[in-house]
Amino acid sequence: MSKSPPIPFSTTLFVKDTCLCLHVQRAARALARQFDEALRPLDITNGQFSLMMSLNRPEPPSMNAVASLLAMDRTTLTAALKPLERRGLIEVFVDPNDRRLRRLRLTADGGRLLAEALPIWKETHAAVDERLGEHGADRLRADLLALT
């Protein structure tokens, strides 16, 4: 005979229906799968696209700047950089003015791949925006920014 849970099942249903964290996580996973699938022909994930795009700057950013932008800790960022570095898409190098800092930059191959990925990203993003309706994407971005 099974034991009944200490919290009523109705509470579980209430949390499922109202938990913002759960809804945001589910939506993030669904979006990630959609962008991952779109970018699959280039053999990159949406996370790798975002990471590479974060390096597309006039001056190579520091590891800390990229980690902050992507809301990652340095350990997670370091792990995410490894496959891109092995493929020759990014470089990690010591800052010439401060040897304690590591900077990141796209290689020429990385820049070319990012340029190839951008139209795919735009097309996928347009489809997502359309599903959200008029001003839906702008409203969602504003709401998500309010939480951060």
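Predicted model: local features only at pLDDT ≥ 70, side-chain atom pairs only at ≥ 80, totals over all residues.

Residues are numbered from 1 along each chain as its sequence is written, and side-chain values use heavy atoms, with hydrogens and water left out.

**The overall outline**

The C-alpha atoms fill a box of roughly 65 × 35 × 35 Å along the principal axes. The radius of gyration of the chain is 20 Å, whereas a compact globule of 148 residues would have one near 15 Å. That radius is taken over C-alpha atoms, and the globule rule is 2.2 Å times the number of residues to the power 0.38. Of the 148 residues, 22% are buried. Buried means under 20% relative accessible area, exposed over 50%, and partly exposed in between (1.4 Å probe, protein chains only).

**The nonpolar core**

Next, select Ile44, Met52, Leu55, Leu77, Leu81 and Ile90 and show their side chains. Within the largest nonpolar core, which has 20 residues, these touch the most other members. At least two core residues come from each of helix H3 (46–54), helix H4 (63–69), helix H5 (74–86), strand E2 (102–106) and helix H6 (108–132). A nonpolar core is a set of buried Ala, Val, Leu, Ile, Met, Phe, Trp, Tyr and Cys residues joined through side-chain atoms within 4.5 Å. In soluble globular proteins, nonpolar side chains tend to be buried together.

Stay with Leu55. Which residues is Leu55 in contact with, leaving aside neighbours within four places in sequence? They are Pro61, Val66, Ile90, Leu104, Arg105 and Leu106. Contact means heavy atoms within 4.5 Å.

Now click on Ser62, in the loop between H3 and H4. Is Ser62 buried or exposed? Ser62 counts as buried because its relative accessible area is 13%. Beyond neighbours within four places in sequence, Ser62 is in contact with Arg102 and Arg103.

Move on to Ala80 in helix H5. With a relative accessible area of 22%, Ala80 is partly exposed. Not counting residues up to four places away in sequence, Ala80 touches Leu51 and Met72. Try the distance tool on Ala80 and Ser68: their C-alpha atoms are separated by 14 Å.

**Gly88**

Gly88 sits in the loop between H5 and strand E1 (90–94) and is partly exposed at 27%. Leaving aside neighbours within four places in sequence, look for its contacts with Thr107, Asp109 and Gly110. The C-alpha atoms of Gly88 and Leu106 are 8.7 Å apart, although 18 residues separate the two along the chain.

**Two positive phi angles**

Most residues other than glycine have a negative phi. Ala71, however, has a positive phi near 55 degrees; this residue lies in the loop between H4 and H5 and counts as exposed, at 70% relative accessibility. For His135, phi is also positive, near 65 degrees. Find His135 in the loop between H6 and helix H7 (136–147), where its relative accessibility of 52% makes it exposed.

Conventions:
Helix = DSSP H or I, 4+ residues; strand = E, 2+ residues; numbered from the N terminus.
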